[in-house]
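Please read the following briefing alongside the sequence and the coordinates.

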Amino acid sequence: MKISRIDCFPLKITTPQAYLGGEVKASDSDYYYRPEYRCVYSRKMETCLVKITTDSGHVGWGEALAPVVPQVIAEIITQLFAPLLTGQSPFASQVLNARMYDAMRDRGHITGYHIDALAAVDIALWDLKGQILNQPVYQLLGGAFREQIPCYVSGLPEPDLPARCALALRWQQKGFNAIKLALGYGVQQDIENVRAIRDALGPQASLFLDAHWNYSVAQAAELANALHPLGVGFLEAPLLPEDIAGHRELRAKSPLPIALGETERTRYQFKPFIEQRAMDIVQPDVGRTGITELMHIASLAQTWNLQVAPHLSVGLGPCIAASIHVAAALPNLFMLEYQPPVFELANQLLDTPLVCEAGHYTLPQGAGLGIAINEARVRESVMRVTC
């Protein structure tokens, strides 16, 4: 059995509300700069799916986390990876991963779009192997430590604090008692936001804070000490992601666990943070690491007695399903992220929806990732490749 075809689907989907509550309408460009996060965002939902087919007719689906210019991922897979994959056994995934990584390693492409594209192919190969063997991915990873995956609601995309409190209460009433606030607007404003949400939800709720890389060590330490009496469970992305020494210093000063890792893609990038004790909770994103590398990262974290809370933002069906399978198979899982608007959109591209209720994902039980992509709907949103 050999790989016979690789198809890419760079998607650009118009949604009623942009990610994290951004502006959908406006301007000539789909992209806009958010000063508070120092980052370019899209007004649309963008991602890149990949479909790998064998000469026996088996199909596996993967996805790269591609929130901007997903056509870049498609071009890398089509131009660089497809020749390496075609005619190879889908079970030679370790060999194929090494070839794809090595193909651009000596040119410095050991992170970024090249690894994102590799992640998409890796997920598709795991799905494909599961389809061929009629086994779910979590079984191929060694079995499930849990069939209900605990999660936290990520973000309260409302324009003001009273509306965010009201939304948090609605989630709590639905059985979601863990919420992460996407803040980073200044130490005092963050404290006020967290205090208001804590007062609204009561002491039983788990609260987390994503600071979006906005603080210095001194500011983040001040924030962590102020949030500790409010029972915040972790402080995510407090400093610039390149600053290993700063994170190590902050971790020594902070009474809160420090969570980070969504910007990293390989065990080599996580290794110095882990070895220098610069983090407490490890947050790899399967759409940037792939399943194989995420398991390597989680094993490395486990040797240092660290927990893993996989990051999950704008990835759609394959990303979400892969994250659930990985979370089930991790002995050192903390929680998995849950993005309600993204989850709803992802299910629109699936024939059978994924399930997340009362604070838990349900582990898919079908072969591979346990999802059925509605390819006709996917093709409706494929963008014209412009690379």
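The notes below go through strands, helices, aromatic rings and backbone angles in turn.

The model is predicted, and every value quoted here should be read with that in mind. Its strands include an open sheet of three, in the order β1-β4-β5 with antiparallel pairing, and its side chains include 16 aromatic pairs.

**The open sheet**

- In the three-stranded open sheet, ordered β1-β4-β5, the strands β1 (3–13) and β5 (59–64) stand at the edges and have a single partner strand each, so one side of each is left without a neighbour in the sheet.
- From one strand to the next, the twist of this sheet averages 20°.
- Helix α11 (residues 317–329) packs on the sheet, where it touches β4 and β5, and its direction makes about 95° with that of β5.
- The antiparallel pairing of β1 with strand β4 (residues 45–54) is made by ten bridges, and within it C8 has V50 of β4 as its bridge partner.

**The parallel pair β7–β8**

- Strand β7 (residues 178–182) and strand β8 run parallel and are joined by five bridges, with K180 standing opposite F208 in β8.
- Strand β8 (residues 206–210) is mostly covered, as four of its five residues are buried.

**Helix α1 and its surroundings**

- Helix α1 (residues 70–85) has a kink of about 35°, and the kink is centred on T78.
- Its buried residues are P70, Q71, I73, A74, I76, I77, F81, A82 and L85, and these pack against the strands β1, β2 (31–34), β4 and β5 as well as the helices α2 (93–105) and α3 (113–133).
- Just after α1, the residue G87 takes a positive phi of about 85°.

- How exposed or buried is G287? This residue, found in helix α10 (residues 286–303), has a relative accessible area of 0% and is therefore buried, the cut-off being under 20%.
- Leaving aside residues up to four places away in sequence, G287 touches E63, A64, L65, D116, A119 and C319.
- The C-alpha atoms of G287 and L118 are separated by 9.3 Å, although these residues are 169 residues apart along the chain.

**Aromatic cluster and charges over rings**

- Ring pairs link W171, F176, Y338, F343 and Y361 into a cluster.
- One member of this cluster, W171, also has the charged end of K174 over its ring, 4.7 Å from the ring centre.
- In another arrangement of this kind, K129 lies over the face of W126, at 3.9 Å from the ring centre.

- V69 has a phi near 35°, a positive value in a residue other than glycine; V69 is found in the loop between β5 and α1 and is partly exposed, with a relative accessible area of 22%.
- N305 has a positive phi of about 60° although it is not a glycine; N305 is found in the loop between α10 and β12 (307–308) and is exposed, with a relative accessible area of 72%.

Methods
Residues numbered from 1 in each chain as written. Predicted model: local features only at pLDDT ≥ 70, side-chain atom pairs only at ≥ 80, totals over all residues. Heavy atoms only, no water. Pairing = 2+ DSSP bridges. Helix = DSSP H or I, 4+ residues; strand = E, 2+ residues; numbered from the N terminus. Axes fitted to C-alpha atoms, helices over the stretch in contact; angles between N-to-C directions. Contact = heavy atoms within 4.5 Å. Bend = angle between axes of the 7 residues up to and from the residue. Buried < 20%, exposed > 50% of the residue type's maximum accessible area, 1.4 Å probe, protein only. Phe/Tyr/Trp six-rings, centres within 6.5 Å; stacked < 30°, edge-to-face > 60°. Lys NZ or Arg CZ within 6 Å of the ring centre and 35° of its normal.
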